[in-house]
Amino acid sequence: MPKTLAEKVYDAHVVRSTAGEPDLLYIDLHLVHEVTSPQAFDGLRAAGRTVRRPDLTMATEDHNVPTLDILAPIADPVSRAQVDALRRNAAEFGIRLAPMGDRDQGIVHVIGPQLGLTQPGMTIVCGDSHTSTHGAFGALAFGIGTSEVEHVLATQTLPQYRPKQMAVTVDGELPPGVSAKDVILAVIAQIGTGGGQGYVIEYRGSAIEKLSMESRMTICNMSIEAGAKAGLIAPDQTTFDYLQGRPHAPQGADWDAAVEYWSTLRTDEGAVFDHEVHIDAASLTPFVTWGTNPGQGLPIAGRVPDPADYANEDERRDVEGALAYMGLTPGTPLREVAVDTVFLGSCTNGRIEDLRVAAELLKGRRIDANTRMLVVPGSVAVKAQAEAEGLDRVFLDAGAEWRGAGCSMCLGMNPDQLAPGERSASTSNRNFQGRQGKGGRTHLVSPAVAAATALTGHLAAPADLASVDA
Amino acid sequence: MDAFTTHTGTAAPLRRSNVDTDQIIPAEYLKRITRTGFEDGLFIAWRTNEPDFVLNQPQYADASILVAGPDFGTGSSREHANWALLDGGFRVVISSRFADIFRNNSTKAGLLTVILPQDQVEALWNAIEADPALPVTVDLRAKAVSYGDTTVPFEIDDYVRWRLLEGLDDVGLTERHLDDIQSYEATRPAWKPKALPALPA
């Protein structure tokens, strides 16, 4: 029977399948960070259990990590205690840890791919919803809660139910200035924050095939924002080229065997998806969110919506609530929304390609006098690469701040936060109320829109910069 | 995890959709390394900033059943959201749609999530707003929500229901199948990556 890519990966990991029970699925890689793991390790200790496969487990420090003075002890005692707990747990249970200051440290979803630990056909979990990022390699990767983290630590498996299958096909050419971030924001606006519930989404079509691995990661990363369990993309030559030579990629005869297997990881002709969505790449434009969930987005040429246009009372109330929180007036052109802070970074858009795109626009220009811009590389390695390319100088010369690696202002568990009422254009993944700091107002954007916004001081597309220079 | 068989209590109407886990408990509360004591962070922004927020209203202060709009629990995978609801005195959340990870975490933490059609959620909202002291019973054995003269059946996976009724811990259940796990491990290709040992630069 023809199978989808996700079904092939799922089936290859079934340890046990019995009618009336969830399947037991083997986990190839378990990524761990400091926030969602301490209670899981405590659970192991309380039950006298060990970590079954420390060799398939990797930990890093990312959420609490300051991006300034990164070699000093963390000033916030609660954050420091959490990071210290991870260090103790990693040492006690024999897990490799990339701590602050380590060359391999970074956002957990940036370091897995960069080390070559993320490979096609794997099952990958982490106590973090953006684990879907790793699906860009054709892996079945999804976020789990702390009880499941404990379960994977103890057994290297998870009880799972077979997910439904959705295809999001993006065909055609993306217009200039339109990126992977715009694609996924448009997908979420179309299917809604609950549209993917119960599904694994396979992104396919000619526009997806042309994307780099970094861009594919951006798309898969935000699958969770559409409510999906995971998102993935079939591995191809782009995938293999990215992986070859990375520290944990197979070598020699192993590489050949791996590529032979990986090449089978495509949805079969005739495989059936439970739901299909088609998007014409040529119709897309830079996208920004106006509200307080990632589905509340529009093309940048749009205007702030009017609650009166919503017939459904619940929807109207939600839009009213979102606009009140965001401090926006219905009918305002999105381009006229002034922004205080621009955040470039996160597991969505903190990779080298994202920094290059922004730097290209910032080069030789100065950011708006009333706007601050934080540039936070996704990992120590991304930071080093950017500095080798001189991107740090471009950001600094433009008036932006060049910071250390971590999750940073995506969720403000470190000191990088918005003040109440402060408005950001952010390349991160969530515009939830208070996400970037209490009372902070977030507009989700691509790296190119982030750079254009920093230069103009209001939401802007790269194409708008011609008028700035004139 | 505590077993869940049936629960009777009063209910609070949370007439909002897309209640994300950042609203249920913000990230700053996630720095703790304990598994209990998260009630102080539960809906803290709304409790602080909105005097009329449903959980600020005295008639709902003792509610143990939360009745929410669609797409409850979206966003982050933080199980702290489930813990915060339990710590805040809730045993059941009713909604027409839940985010997958939140719902899954609930089954591990012992918080019952009940899916009812939106028109039934609406009817329940109206009933509890008319009488906030109205007892609502959620019976997992009978798979039914009842209040006043109304009884509404709900669906739940049989296996999940059994685990909740028995209060069973998943790890212990999986450990019964260690033989299967070992057999599977023997078939894994040797080239699959290992995180250990750390490789030289």
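In this predicted model, Lys192(B) pairs with Asp28(A) in a salt bridge, with 3.0 Å between the closest N and O atoms. Lys192(B) sits in the segment after α8 (178–186) of chain B, and Asp28(A) is in the loop between β2 (23–26) and β3 (29–33) of chain A, so this pair joins two chains. Both ends are tucked away: Lys192(B) counts as buried at 8% relative accessibility, and Asp28(A) counts as buried at 0%.

Glu185(B) meets Arg53(A) in a salt bridge of 3.2 Å, N to O. Glu185(B), at 17% relative accessibility, is buried, and so is Arg53(A), at 15%. The two belong to a network of salt bridges that also takes in Arg52(A) and Asp55(A).

Zooming out, 79 residues of chain A contact 64 residues of chain B, and the two chains bury about 5,800 Å² between them, 52% of it on carbon and sulfur atoms. There are 11 salt bridges between chain A and chain B; one of them links Lys31(B) to Asp76(A), at 2.7 Å between the closest N and O atoms. Polar contacts across the interface number 38 residue pairs. On the chain A side, helix α5 (residues 146–155) gives the largest share, 7 residues. By class, that side has 29 nonpolar, 28 polar and 22 charged residues.

Over all chains, the structure holds 42 salt bridges. Within chain B, Arg78(B) bridges to Asp22(B), the closest N and O atoms lying 3.4 Å apart, and the two residues are 56 residues apart in the chain.

Notes: Residues are numbered from 1 along each chain as its sequence is written. Chains are lettered from A and ligands numbered from 1 in the order in which they are written. This is a predicted model: local features need pLDDT of at least 70, side-chain atom pairs count only at pLDDT 80 or more; totals for chains, interfaces and linings use all residues. Side-chain values use heavy atoms; hydrogens and water are left out. Contact means heavy atoms within 4.5 Å. Buried area is the accessible area (1.4 Å probe) that two parts lose on being put together, summed over both. A salt bridge is a side-chain nitrogen of Lys or Arg within 4 Å of a carboxyl oxygen of Asp or Glu. A polar contact is a pair of N or O atoms within 3.5 Å; within protein, one must be able to donate a hydrogen and the other to accept it, and residues adjacent in sequence count only if both atoms are side-chain atoms. Helices (H or I, at least four residues) and strands (E, at least two) are DSSP runs, numbered from the N terminus. Ala, Val, Leu, Ile, Met, Phe, Trp, Tyr, Cys and Pro count as nonpolar, Asp, Glu, Lys and Arg as charged, and the others, Gly among them, as polar. Buried means under 20% relative accessible area, exposed over 50%, partly exposed in between (1.4 Å probe, protein chains only).
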